[in-house]
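Here is a short report for a first look at this structure. Please keep the sequence and the 3D view open while reading.

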Amino acid sequence: MKTIATAILLLTVNILSNAQSPAKTERKQLFDYKWKFYQGDTAAAKSRDFNDINWRSLDLPHDWSIEGKIGPKNPTGGAGGYFPAGIGWYRKTFKAPEGWKGKKVSIYFEGVYMNSEVFINGKSLGIYPYGYSSFSYDLSPYLNFNSENVIAVRVDNSQQLNSRWYSGSGIYRHVWMMVTDAVHIAKWGVTITTPHVSSEKATVQIKTLIKNETGLPQNIAVSTWLKDVNSKNAGNSQMKVELAANSEKEVTQTIMVAAPLLWTPETPRLYDAQIHIIKIKNIVDETETSFGIRSLKFSAENGFQLNGKTVKLNGGCAHHDNGCLGAAAFDRAEERKVELLKAAGFNAVRTSHNPPSEAFLNACDRLGLLVIDESFDGWRTGKNKYDYSVYFDRWWKSDLTSMVKRDFNHPSVIMWSIGNEIIERKEPQAVATAKMLAGCIHELDPTRPVTSAMTTWDQDWNIFDPLMAAHDVCGYNYQLFRAAADHLRVPSRVIVQTESYPRDALANWQLVQKNKYIIGDFVWTAIDYLGESGIGRYYYPGETAGEHWEHDFYPFHGAYCGDVDLIGWRKPISHYRSLLYNESEKIYMAVKEPNPPSGEIKETLWSVWPTWESWTWPEYVGKNIQVEIYSKYPKVRLYLNNILIGEKSTTEEQGFKAEFAVTYSPGVLKAVGVDNDKEVESTILKTSSDAAKIQLTADRKEIAANGQDLSYVTIEITDNDHIFQPNAANRLHFEIQGPGTIAGVANADMKDTDPYIGNTRKTWHGRALVVIKSTHEAGVIKLTVSSPGLSAANLNIRSFKH
């Protein structure tokens with residue numbers, strides 16, 4: 001057997017070494033740069049000869065809504081964050097290289113919001129309504145090789161309301177030019193599964209769909225090599241294939257990998273599959289696909305098992321926007337979002353309520369975050385006049401197929417979701433629709449389960465049993481308290497809470513831990529987002545009462561229900577949730593904001609009490625303030641200026657919490673975890689003096705000079721001793737010198753309607769954020785941040801060419 005294997009390896013190596021790549025044409029070419037943009041509608045813009053010299057020049061990704069002025073009269077309303085929408089046009093002029101002659105050339109859009117129509121040299125290629133699907137068009141029949149070509153894209157986001165949250169407007173994800181031989185691997189044509197996995201060996205199955213778009217039969221070889229995380233050869237396969245004229249064929253190859261490096265959130269090890277199509281010793285097409293070796297199993301008896309080990313999902317829901325960047329899906333913005341989720345202790349995310357960007361899933365694969373990949377918010381019955389229900393019957397199959405085929409090889413994706421809080425859920429047609437959608441997904445991908453998010457706030461829960469039965473995993477929004485009774489009625493049901501109130505973290509954690517058939521909890525939400533204005537708000541005496549859907553709460557233009565705020569700061573609830581699920585965080589302290597003299601602070605359903613990492617409360621000297629300590633130690637002690645305030649238990653019976661009433665006086669507040677009467681770990685809060693300094697912290701001081709890379713700079717106001725001043729509300733001014741631009745500015749105050757694109761912003765509770773974007777030139781970017789009465793601060797960021 002060893003001799004045969006060696007012979008096959010030598011044969012494959014010989015074929016590849018003798019295979020030649022003719023004048024190399026890059027298969028996938030980024031098409032983001034040097035576009036022209038006009039906000040408004042002009043039908044003549046589709047023409048190749050249209051004069052766009054006065055249009056704005058820009059690079060993609062681009063969201064024009066985030067650039068606009070937030071205002072109560074904008075048609076997106078509270079749902080869309082009061083941002084403008086409307087119609088916009090994009091145009092790009094380009095030359096088709098000689099190397100493209102005889103090739104199959106297509107343009108691939110990762111996402112355009114929404115109702116996009118694409119033209120090439122005045123010819124309409126089609127309309128794609130759904131703003132979250134990826135799609136492509138064949139350009140080959142329409143390209144001019146003797147003159148310039150023009151791609152024009154009309155984007156129509158004028159029909160409002162079409163979303164229950166901020167959507168953004170425009171070509172907000174990457175655009176690519178795809179160039180292949182007439183014999184080539186189809187779009188999304190590689191699917192990789194790992195049907196048998198153990199620590200000793202794994203079976204990797206690669207299915208490659210090959211298209212022959214010539215009028216003649218073709219004889220080819222398909223050569224596949226696997227590379228591990230260290231770029232070492234992990235196995236290979238080579239097959240000869242006969243293709244009929246104008247046909248396609250799926251080729252299946254199986255490769256055994258010894259001692260596989262398994263993919264988990266803790267060890268997100270990735271492999272690469274390098275696939276070559278060889279014809280008469282020439283490589284006519286090649287592609288590289290990353291994947292992970294891992295096994296998934298779901299059962300009521302053992303819950304969710306990853307590689308044979310039960311894993312509980314500490315999940316959060318996340319919308320697609322990137323805060324002050326709007327919907328623009330820069331790779332670094334998407335990667336940072338995953339970093340924030342991981343840092344907050346989450347091991348899973350639900351992409352509510354749409355497929356995410358490819359960059360987001362790539363980051364989940366690379367950094368280790370499990371994903372529920374969701375298709376759309378609703379089915380045939382609308383929640384808004386112009387939402388997906390308008391397109392469902394005609395487009396559901398295209399959009400569902402796009403999601404599954406595009407995202408198939410991501411090891412982070414563990415479930416597909418077919419909807420959220422479907423309006424028609426009590427009607428018999430909903431069961432038929434769910435079976436139709438689930439059946440489509442199972443045909444495309446038999447390896448992952450199908451779920452959707454179900455809820456009701458009335459007494460008719462049991463009538464959903466037939467609808468639940470159409471799913472492999474049943475998603476409960478806010479209804480996990482029903483799980484015990486449901487399990488008695490339907491013992492085989494696997495349950496995940498797909499949305500939950502932040503304040504119910506402990507109760508949900510206990511249900512997840514104590515019941516194998518409950519595989520996890522996804523809080524609404526993981527990160528604050530634009531739109532759905534006012535959800536998660538708390539309010540003060542004199543302010544309008546009620547939930548976010550009951551009134552217009554402008555200037556609120558976003559959601560404050562996230563564990564992480566809009567600029568990336570973890571709220572105290574984030575530390576509490578992480579402490580429940582993770583051993584890495586064992587003690588944390590914060591202070592509950594006191595009620596004002598005029599009355600009580602009131603909460604709403606998705607809020608938690610305003611609580612801050614602050615011991616700076618000058619107006620409360622001599623008055624009691626409530627201090628909260630979250631701890632996995634059996635007891636905690638609290639000290640103020642080295643004087644013991646008290647000791648309390650923080651066991652599960654106490655909810656891993658202790659609360660102390662402390663008479664406020666300035667100084668140092670210290671919480672200490674106590675185990676066996678021994679002080680083990682401590683955390684402190686210090687009183688700050690008046691604001692005096694500006695402190696700048698960049699998440700990255702080196703970025704690529706590619707016109708898209710980002711550095712996130714957090715601004716904190718401190719006193720002269722560099723102690724953070726949590727009450728500061730200083731007006732900041734930003735100045736850039738060198739090869740960089742300001743991509744966005746923000747604070748976490750959802751009532752601050754200052755523009756997110758600009759050079760000034762106020763701090764809120766002492767913090768603000770500025771995002772620096774590279775240009776195409778290398779050099780040093782100098783950021784200067786100033787504020788009246790404070791010393792200016794400078795920071796250098798190096799931008800470099802690869």
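## Helix 2

The buried residues of helix 2 are Arg332, Ala333, Glu334, Glu335, Arg336, Lys337, Val338, Leu340 and Leu341. Bear in mind that this is a predicted model. Helix 2 covers residues 331-343, which makes 13 residues. From its first C-alpha to its last, helix 2 reaches 18 Å, close to the 18 Å expected at 1.5 Å a residue.

What covers these buried residues? The cover includes strand 22 (348-350), helix 3 (358-367), strand 41 and strand 45. After helix 2 comes Gly345, and its phi is positive, near 95°.

Strand 45 spans residues 767-774 and is mostly covered. Eight of its eight residues are buried. Side chains in a regular strand alternate between the two faces of the sheet. In strand 45, Arg767, Leu769, Val771 and Lys773 point one way. Ala768, Val770, Ile772 and Ser774 point the other way. Both sets are buried.

Strand 45 has antiparallel partners. Strand 41 (residues 710-718) is joined to strand 45 by seven bridges. Here Ser711 stands opposite Ile772. Strand 43 (residues 740-746) is joined to strand 45 by six bridges, and these two strands also run antiparallel. In this pair, Val745 stands opposite Val770.

## Helix 5

How far apart are the end C-alpha atoms of helix 5? They are 25 Å apart. Helix 5 (residues 428-444) has 17 residues, so at 1.5 Å a residue it should span 24 Å, and the two values agree.

Buried in helix 5 are Ala430, Val431, Thr433, Ala434, Leu437, Ala438, Cys440 and Ile441. These buried residues pack against two helices, helix 4 (392-407) and helix 6 (465-469). They also pack against strand 24 (413-420) and strand 25 (450-454).

## The largest nonpolar core

Nonpolar side chains tend to be buried together in soluble globular proteins. In this model, the largest nonpolar core has 152 residues. Which members touch the most others? They are Trp35, Tyr90, Ile151 and Ile171. Helix 5 supplies the largest share of this core, seven residues.

Take Ile171 as an example. Neighbours within four places in sequence are left aside here. Ile171 is then in contact with Trp35, Leu60, Pro61, His62, Tyr90, Phe109, Gly111, Val112, Val153 and Val155.

Four strands form an open sheet in the order 1-10-5-8, with antiparallel pairing. Which strands lie at the edges? They are strand 1 (28-30) and strand 8 (135-138), each pairing on one side only. On average, neighbouring strands of this sheet are turned by 25° against each other, direction ignored.

Strand 5 (residues 104-109) and strand 8 run antiparallel and are joined by four bridges.

Another open sheet has three strands in the order 11-12-15, and the pairing is antiparallel. Its edge strands are strand 11 (183-197) and strand 15 (247-258). Each of them pairs on one side only. Neighbouring strands of this sheet are turned by 20° against each other on average, direction ignored.

How many bridges join strand 11 to strand 12? There are nine, and the two strands run antiparallel. Strand 12 covers residues 201-212. Within it, Ile210 is the bridge partner of Ile185.

Key
Residues numbered from 1 in each chain as written. Predicted model: local features only at pLDDT ≥ 70, side-chain atom pairs only at ≥ 80, totals over all residues. Heavy atoms only, no water. Pairing = 2+ DSSP bridges. Axes fitted to C-alpha atoms, helices over the stretch in contact; angles between N-to-C directions. Buried < 20%, exposed > 50% of the residue type's maximum accessible area, 1.4 Å probe, protein only. Expected span 1.5 Å × (residues − 1). Contact = heavy atoms within 4.5 Å. Core = buried A, V, L, I, M, F, W, Y, C linked by side-chain atoms within 4.5 Å.
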